[in-house]
Amino acid sequence: MKWKLTIRYLISILSIVFIVSIVNSIILIALLFSQRHENPEDITHDTGENFTRNFSQYLTIEDGTPVVSEEGRDALTRFGAWLQILDQNGNVLSDEYAPDNAATHYTPIDLVHKYKYMDDDFNTYFVSEFEGYSYIVGVPESQQQRTIIMADPQQVLKYTSQFLGAIIIVDLIIACIVGFLFSTVLAKPVSRIIERISELKERKFEPKKMKRPGVFKRVFANLNDVSETLQAHENDRQKLEKMRNEWISNVSHDIKTPLASIRGYAELLSNADVSAEERLEYAEVIERQSLYMKELLDDFNLTMRLRNQEMDLHLQEIRVEGFVRKIIIDLLNDPQFQTHDIDFTSNAPELIWNIDQHLMKRALLNFIINALIHNHEDVKVSVEVQEDGIIIRDNGKGIKKEEQAQIFDRYYRGTSTTSRGTGLGLAISRDIIQAHGGDVEMESEVGEGTMFKIRMD
């Protein structure tokens with residue numbers, strides 16, 4: 001994988017360098033070609049050539065001799081130049097601002113030489129003609145200089161192509177060396193990133209530290225964060241799966257007993273020798289076992305709806321003190337719990353909650369009934385309404401430290417539980433309270449009892 005990335009990166013670098021070199025060569029040749037065919041008349045900037053060619057507009061013929069107008073003298077002054085007018089034989093007829101050491105006669109070869117080269121006084125010469133006369137414009141210390149290059153076009157083309165070819169080859173070699181060095185540094189962490197993603201795909205979530213991660217330091221840090229998060233989710237999933245399997249096993253075992261009872265008593269009911277009293281007793285057993293199975297299925301359905309946030313809340317404003325007092329009275333009127341010790345107090349008679357009464361009653365009953373049935377027979381349960389919530393406290397067995405973190409988990413049933421249950425009661429209560437925007441706190445000590453505090457935001 002690493003070498004594949006390196007080779008691909010090198011090919012990309014070399015392709016870019018090759019394309020850039022070709023484009024630059026084309027642009028250079030195009031510029032040279034355009035300058036070669038450029039018409040000097042199209043030059044718009046103020047050059048000595050333009051000034052000299054356009055100077056004829058300031059010349060007139062008077063008595064057979066060219067004369068410079070006043071505007072022409074001003075133009076020479078502004079341009080910083082001087083002027084000599086020659087006849088057909090190269091003799092100087094007149095001048096304007098010419099230096100004292102300027103020549104008075106020019107042969108054709110002198111004119112060519114002057115035009116090509118700057119003289120010892122750093123004058124640049126420009127030559128033009130007017131009405132059969134020649135004139136020379138000299139510019140002292142001009143910024144414009146002529147360079148004469150003699151070249152064979154074929155040789156120039158040959159050497160240019162060789163030069164460009166060498167440049168491209170050298171560029172490719174340099175790019176190859178630099179690209180290889182850089183790609184080895186780049187490809188290694190990229191290859192490692194791909195490996196880490198593959199490991200995550202294979203559910204290998206152990207965080208790993210990368211040596212010299214370079215620019216990918218934050219990428220590896222994020223990958224490690226993702227690994228830790230996925231590992232936590234995986235642990236939770238395995239934990240939930242384990243509890244779910246245990247719950248299914250327990251519930252399957254619990255269902256077998258009522259099913260066996262229902263089936264057995266149903267067979268007894270079909271016996272003609274059964275008395276009316278026995279028939280009534282058997283029917284009560286069947287009804288009780290059926291209600292337990294219904295409770296089991298209802299709990300399972302409710303916890304799934306709460307877990308998926310599909311439970312619609314029918315909210316009403318209620319006075320908490322009266323609501324809780326009625327729940328305890330109904331509970332004490334139940335023959336199963338009428339002998340138990342349940343104490344109720346209230347310090348907040350004006351406390352109002354906006355709740356779904358049916359669901360909140362279910363939640364509070366789960367806490368109270370759990371305290372009654374999962375402790376010794378003489379357990380005392382106290383329920384207190386305060387300004388900041390409801391406290392349910394018992395003086396029972398308490399909950400072990402190692403079990404307290406799991407007490408609200410679905411399908412969990414404590415090791416000290418001896419009575420039959422679904423393992424969903426406290427989880428349902430917590431989910432109902434959280435669905436109302438509240439929360440539950442728990443404190444417990446083995447041998448001293450347990451306290452649950454329900455708060456609403």
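This short talk goes through the fold, the cores, a set of paired strands and a surface patch of one protein.

Before anything else, please keep in mind that this is a predicted model, in which local features need pLDDT of at least 70 and side-chain atom pairs count only at pLDDT 80 or more, while totals for chains, interfaces and linings use all residues. Residues are numbered from 1 along each chain as its sequence is written, and side-chain values use heavy atoms, with hydrogens and water left out.

Let me start with the whole chain. The secondary structure comes to 11 helices and 13 strands, where helices (H or I, at least four residues) and strands (E, at least two) are DSSP runs numbered from the N terminus. Of the 457 residues, 35% count as buried; buried means under 20% relative accessible area, exposed means over 50%, and partly exposed lies in between, with a 1.4 Å probe and protein chains only. If we take contacts, meaning heavy atoms within 4.5 Å, then among those with a separation of 6 or more, 62% are between residues 24 or more positions apart. The protein exposes about 29,000 Å², and carbon and sulfur atoms supply 54% of that area, computed by the Shrake-Rupley method with a 1.4 Å probe, where for residues only the protein chains shown count as cover.

Now to the interior. A nonpolar core here is a set of buried Ala, Val, Leu, Ile, Met, Phe, Trp, Tyr and Cys residues joined through side-chain atoms within 4.5 Å. The largest such core has 44 residues, and those with the most contacts inside it are Val-324, Leu-364, Phe-367, Ile-368, Ile-390 and Ile-392. Helix α9, residues 357–373, gives the largest share of this core, with 9 residues. There is also a second, separate core of 16 residues, which includes Ala-75, Ala-81, Phe-130 and Val-139.

Which residues does Ile-392 touch, if we leave out those up to four places away in sequence? Its contacts include Leu-364, Phe-367 and Ile-368, together with Val-381, Val-383, Met-451 and Phe-452.

That brings us to the strands, which pair if DSSP finds at least two bridges between them. Strand β8, residues 341–346, runs parallel to β10 over 6 bridges, and Ile-342 has Val-381 as its bridge partner in β10. Strand β10, residues 380–386, is mostly covered, with 5 of its 7 residues buried. A hairpin then leads from β10 to β11 through 2 residues, and these two strands pair in the antiparallel sense over 6 bridges, with Val-385 opposite Ile-390 in β11.

Strand β11, residues 389–394, also pairs with β13, antiparallel, over 5 bridges, and here Ile-392 stands opposite Phe-452. Strand β13, residues 449–456, is mostly covered as well, since 7 of its 8 residues are buried. Strand β12, residues 438–445, is joined to β13 by 8 antiparallel bridges, and their hairpin has 3 residues between the strands, with Gly-447 in the turn showing a positive phi of about 85 degrees.

Finally, the surface. Phe-18, Ile-19, Ile-22, Val-23, Ile-26 and Ile-27 make a nonpolar patch of about 520 Å². Ile-22 is found in helix α1, residues 2–36, and counts as partly exposed because its relative accessibility is 31%.

Terms used: Patches are made of residues with over 30% relative accessible area and no salt bridge: like charges are joined within 9 Å, nonpolar side chains (Val, Leu, Ile, Met, Phe, Trp, Tyr) within 5 Å. A salt bridge is a side-chain nitrogen of Lys or Arg within 4 Å of a carboxyl oxygen of Asp or Glu.
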